Amino acid sequence: MAATAKFGKPFVAPMSTDHDGFWKVDDTGAYQMVPANGTRECALAMSGGKVRLSSAHPNVVVLADAVTGQPAANNLMTFDSQPFTAFAFKLQAKSVGRTMILAEDARGRHLARLIVSVKAEQTKTYNPLILQDIRRRSKRKFEDITRIMREVEKLYLNQANVRLKTKRLPNVIFLKQDIGDPIDFTKKAVHDDINKALDEIKANSLDFNVVSSWNLVDGHQDVVGIDPAFGKTCFAEDYPDGTPLLNEVDTFAHELGHAFGCVHDGRPSNVLMSGDGSDGLQMTKDDIDMINKTGLTMP
Ligand SMILES: [Zn+2]
């Protein structure tokens, strides 16, 4: 019986905030983001005999024992199992960069690979904002947005090693007019005014702005995009009362993903950037590499 191996992870539900930068690429390929100076735990599911694991660049990441954290001697871990077993191991970052963990059988035949991206921590500043005009104001309170963004911050740090930080700036954009539907991006004059208001509170000096706005047109289906003219300001419409926190988190994190340059194209369902109305908080490999552009090249 020939040995088989694949890299995996215990199941994490799509709407959990516990995703840690792992992505299954295909049957024998997977991806794991590892924060610089940090670790991530992975598993190898295997059967049919001896399987050897090694890091293609031990100066980027080393294999370590899942329990003791002790690095593997000679950059080699050997697992032996019959019939089917899963073994846990740890990835320990050594330097920022990209490499692979290779799984081979006793004769050196390639069985599976785990792409590893060791990413430097990136800090991005943002301001949580509430939109108000002379007729309307977003129903969300500042505490609501703070609670949502605390979870969004966790998603970005755990999956992409991006730390989102707020600055002490005013949190209300007030427009002395009736702007109607704020999500109508064809109204250039309105968005020029929003931009001017952002300038006045110095919010444009930040990397991103996250704006809570009202929901005037049902056709939006509660999902809004980023104003292409702003590039870094995203809008999340009010949701009906009683919407679960994680659904709000999904929307805010998704719109922020666009601000980082992520797109919908070719996404599976139930991931953060699906854009097909499905729920999910997991970033794909491509999203993670778009959101944090460190750790993309082999040494
Ligand atoms: Zn979208």
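Student: Before we start, what pLDDT do local features need here?
Tutor: Residues are numbered from 1 along each chain as its sequence is written. In this predicted model, side-chain atom pairs count only at pLDDT 80 or more, totals for chains, interfaces and linings use all residues, and local features need pLDDT of at least 70.

Student: How far apart are the end C-alpha atoms of helix α3 (residues 245-259)?
Tutor: Helices are DSSP runs of H or I with at least four residues, and strands are E runs of at least two, numbered from the N terminus. The expected span is 1.5 Å times one less than the number of residues. For the 15 residues of α3 that should be 21 Å, which agrees with the end C-alpha atoms being apart by 21 Å.

Student: Over to strand β3 (residues 29-35). Which residue in strand β8 (residues 110-119) is the bridge partner of A30?
Tutor: Strands pair if DSSP finds at least two bridges between them. β3 runs antiparallel to β2 with 3 bridges, and there A30 partners K24. With β8, β3 pairs in the parallel sense over 7 bridges. There, the partner of A30 is L114.

Notes: Buried ≥ 20, exposed ≤ 12 C-beta atoms within 10 Å, placed from the backbone.
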